[in-house]
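This briefing sets out selected local features of one structure, grouped by topic. Please read it alongside the sequence and the coordinates.

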Amino acid sequence: RLSADYLRALPKAEVHCHLEGCVPPKTAVRLAERHGVALPAGARDGGDRYRFLNFDEGLEIYLAVCRSMQTAGDFEAVTYESLVTAAEGGLRYREIAFNPQNHPGLTYDEMVGGILAGARAAQEEAGVVSRIVVAINRQFGGEAALNLVRDVLAHPHPEVVAIGLDGDEKAGRPAEFVAAYDLARAAGLKLTAHAGEHGDFTEMVECLDLLGVDRIDHGYAALLDPALLARTVASQIPYSACWFIDYPELEVEGRRRDVAAMAAAGLNMCLNSDDPALIGPELHEDFIDAAVHLEWTVEDAEKYALAGIDASFADDATVGRLR
Ligand code: ES4
Ligand code: ZN
């Protein structure tokens with residue numbers, strides 16, 4: 001039985017973590033008060049945890065936290081706090097996703113500048129390395145997504161390694177985002193997308209065939225389609241799965257079973273915290289819980305620690321140093 005101390009100290013990496021889902025309730029309340037933003041009750045009265053009953057309520061809180069981050073300094077503070085906290089649990093690398101479209105009062109470059117300042121300070125203090133994924137919010141549609149990618153390309157930063165797609169899976173099919181993904185690919189950015197978390201497996205097939213993604217975020221619905229499962233076992237495209245979920249309506253056991261089945265099927269899968277402040281704890285807690293439920297050996301734990309690094313979009317030299 002692996003000890004919690006060992007799993008906490010084990011150097012870990014994650015590629016699927018939303019910056020705005022890393023803001024603890026206390027910090028969100030402070031930012032919301034400073035900027036006069038109204039937070040949903042579940043973000044104000046749950047103490048150290050947000051309180052919500054399902055994905056839609058969780059997303060509502062997430063969007064309110066987004067509205068509470070209104071200056072480059074807010075982005076810097078939130079990035080710094082979240083990375084230093086995660087490093088205490090052994091995190092060495094994180095790909096940070098953020099949603100520029102959810103922060104209309106700021107320019108893209110102000111947001112990235114804030115994240116980079118916080119990330120630099122966290123790396124100096126705690127040794128944790130990070131890169132940025134610019135996430136398209138499905139609900140704003142294809143045209144806005146294309147404009148966002150244009151904005152990304154107009155303000156190049158080597159730390160911005162990829163675009164992603166997230167938000168409500170009911171809000172827009174992957175086909176809407178082909179132009180945005182084509183433009184990003186042509187500029188050398190990597191491509192990822194949330195699919196198969198709440199939506200069905202056809203979303204995942206469209207992300208592969210129409211968007212040409214290099215990675216799949218979540219992807220549990222692959223278990224429901226033998227052809228997709230066989231295809232992605234063969235290609236070994238990385239899946240960024242998320243273990244702990246605090247959506248009370250969702251069955252945590254069901255998610256654990258899905259992740260176990262994906263591992264058993266031979267998919268290239270790593271574990272991620274997703275929204276550590278909102279729907280689950282920091283990555284070391286996921287590792288501690290997964291080790292119990294999947295009966296990990298030391299080799300299994302090391303395999304998952306490496307899988308997170310190998311799924312990353314950082315340059316080869318950085319991946320080599322982290323390995
Ligand atoms: C998200 Cl877990 C998840 N899924 C979709 N969109 C999101 N935004 C933040 N977390
Ligand atoms: Zn996510």
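Arg215 is buried, as 25 other C-beta atoms lie within 10 Å of its own; a residue is buried if 20 or more other C-beta atoms lie within 10 Å of its own, exposed if 12 or fewer, and partly exposed in between, with C-beta atoms placed from the backbone. The model is a predicted one, in which local features need pLDDT of at least 70 and side-chain atom pairs count only at pLDDT 80 or more, while totals for chains, interfaces and linings use all residues. Residues are numbered from 1 along each chain as its sequence is written, and chains are lettered from A and ligands numbered from 1 in the order in which they are written.

**Surroundings of Arg215**

- Arg215 belongs to strand β6 (residues 215-218); helices (H or I, at least four residues) and strands (E, at least two) are DSSP runs, numbered from the N terminus.
- Not counting residues up to four places away in sequence, Arg215 touches Thr192, Ile237, Pro238, Ser240 and Ala311, where contact requires C-beta atoms, placed from the backbone, within 7 Å.
- Lys190 is 25 residues from Arg215 along the chain, and their C-alpha atoms are separated by 8.7 Å.
- Gly212 is found in the loop between α9 (201-211) and β6.
- Gly212 counts as partly exposed, with 13 C-beta neighbours inside 10 Å.
- Apart from neighbours within four places in sequence, Gly212 is in contact with Tyr181, Arg185 and Leu191.
- The C-alpha atoms of Gly212 and Gly142 are separated by 16 Å, the two residues being 70 residues apart along the chain.

**Ligand site**

- Ligand 1 is surrounded by His18, Gly21, Tyr62, Asp166, Gly167, His194, Glu197, Asp274 and Asp275, a residue being near a molecule if its C-beta atom, placed from the backbone, lies within 6 Å of it.
- This shell divides into 1 nonpolar, 4 polar and 4 charged residues; Ala, Val, Leu, Ile, Met, Phe, Trp, Tyr, Cys and Pro count as nonpolar, Asp, Glu, Lys and Arg as charged, and the others, Gly among them, as polar.

**Nonpolar core**

- The largest nonpolar core has 102 residues, of which Ile115, Val133, Ile163 and Phe287 touch the most other members; such a core is a set of buried Ala, Val, Leu, Ile, Met, Phe, Trp, Tyr and Cys residues joined through C-beta atoms within 7 Å.
- Helix α5 (residues 72-88) supplies the largest share of this core, 7 residues.
- Phe287 touches Leu7, Leu10, Lys12, Leu271, Ala301 and Tyr304, leaving out residues up to four places away in sequence.

**Helix α7**

- The 14 residues of helix α7 (residues 141-154) should span 20 Å at 1.5 Å a residue, and the end C-alpha atoms are 20 Å apart, which agrees; the expected span is 1.5 Å times one less than the number of residues.
- The buried residues of α7 are Ala145, Leu146, Leu148, Val149 and Val152.
- Seen down the axis of α7, these buried residues fall within an arc of 160 degrees, so they line one face of the helix; the arc is that of the directions from the helix axis to the C-beta atoms.
- Glu143 and Ala154 are exposed on the face of α7 turned away from its buried side.
- The buried residues of α7 pack against α6 (108-126), β3 (129-137), β4 (160-166) and α8 (178-186).
- Asn147 also lies in α7 and is partly exposed, with 13 other C-beta atoms within 10 Å.
- The C-alpha atoms of Asn147 and Ala180 are separated by 7.9 Å, at 33 residues apart along the chain.

**Helix α11**

- Helix α11 (residues 252-265) has 14 residues that should span 20 Å at 1.5 Å a residue, in agreement with end C-alpha atoms 20 Å apart.
- Arg255, Asp258, Val259, Met262 and Ala263 are buried in α11.
- Viewed down the axis of α11, its buried residues fall within an arc of 135 degrees, so they line one face of the helix.
- Glu253, Gly254 and Ala264 are exposed on the other side of α11.
- The cover over the buried residues of α11 includes β7 (238-242) and β8 (268-272).

**Positive phi outside glycine**

- Gln236, in the loop between α10 (226-235) and β7, has a positive phi near 60 degrees.
- Gln236 counts as exposed, with 11 C-beta neighbours inside 10 Å.
- Glu295, in the loop between α12 (283-293) and α13 (298-310), has a positive phi near 50 degrees.
- Glu295 counts as exposed, with 11 C-beta neighbours inside 10 Å.

Conventions:
Two residues are in contact if their C-beta atoms, placed from the backbone, lie within 7 Å.
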